[in-house]
Amino acid sequence: MTVTIPDVMRHVRNHFISGCIDGAWLIKEGRLMPEACFGPGDWIAILSGPLAGIHQLDEFGSIPIPSGTDGNAAWEGRIYLLTPPPGFIRLCCEIAAWARRHDDPTMTSESFGEYARRQEPRDWTQVFAASLAPFTRMYTEVSL
């Protein structure tokens with residue numbers, strides 16, 4: 001099971017929006033234009049267009065383009081600037097590591113002869129509920 005930072009943002013309904021920019025956008029060979037608005041490592045949320053979703057720009061300020069997707073696109077719309085705090089990012093890394101180690105949350109019971117074991121279904125949302133509580137919002141900021 002793979003848990004990403006955008007997955008956790010959606011779960012807590014908090015994208016840590018620090019601003020937004022409306023405009024005409026161009027993605028050319030993975031680079032989001034105009035480039036002056038963004039820097040390497042920035043988090044953004046694109047609401048419309050071919051790459052709608054939450055993205056972290058790489059060290060070159062580019063959006064990682066999924067394989068099989070054309071690297072060029074143009075659209076008009078809003079892009080949100082996101083600033084997740086370092087503590088949230090660290091917690092997301094812990095959640096991702098936990099999810100990799102506990103890859104089968106669906107196993108709830110097993111038995112063999114007289115041996116029987118029942119396990120309550122647990123996933124990362126239950127295990128990390130208390131840690132995620134300070135970051136959780138009642139209503140989502142954006143629909144992604």
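Is Phe38 buried or exposed? In this predicted model, Phe38 is buried, with a relative accessible area of 12%. The structure holds five aromatic pairs, and the count of salt bridges comes to one.

**Aromatic pairs**

- Phe38 and Trp25 form a tilted aromatic pair, with 5.7 Å centre to centre and 45° between the planes.
- Trp25 belongs to strand S1, whereas Phe38 sits in the loop between strand S2 (31-33) and strand S3 (43-46), so their pairing ties together parts that are 13 residues apart in sequence.
- Trp25 is buried, at a relative accessible area of 3%.
- The ring centres of Trp98 and Phe128 are 6.1 Å apart and their planes stand at 85°, so this pair is edge-to-face.
- Because Trp98 lies in helix H2 (residues 86-101) and Phe128 in the loop between helix H3 (124-127) and helix H4 (129-132), the pair ties together parts that are 30 residues apart in sequence.
- Both Trp98 and Phe128 are buried.
- One aromatic cluster is formed by Phe16, Phe88 and Phe135.

**Salt bridge**

- Asp22 forms a salt bridge with Arg78, and the closest N and O atoms are 2.8 Å apart.
- Asp22 is in strand S1 and Arg78 in strand S5 (residues 72-82), so the pair ties together parts that are 56 residues apart in sequence.
- Arg78 is partly exposed, with a relative accessible area of 32%.

**His15**

- His15 is found in the loop between helix H1 (5-12) and strand S1 (17-28).
- The relative accessible area of His15 is 1%, so this residue is buried.
- Beyond its neighbours within four places in sequence, His15 is in contact with Met9, Arg10, Ile54, Leu82, Thr140, Glu141 and Val142.

Notes. Residues numbered from 1 in each chain as written. Predicted model: local features only at pLDDT ≥ 70, side-chain atom pairs only at ≥ 80, totals over all residues. Heavy atoms only, no water. Helix = DSSP H or I, 4+ residues; strand = E, 2+ residues; numbered from the N terminus. Buried < 20%, exposed > 50% of the residue type's maximum accessible area, 1.4 Å probe, protein only. Contact = heavy atoms within 4.5 Å. Salt bridge = Lys/Arg side-chain N within 4 Å of Asp/Glu carboxyl O. Phe/Tyr/Trp six-rings, centres within 6.5 Å; stacked < 30°, edge-to-face > 60°.
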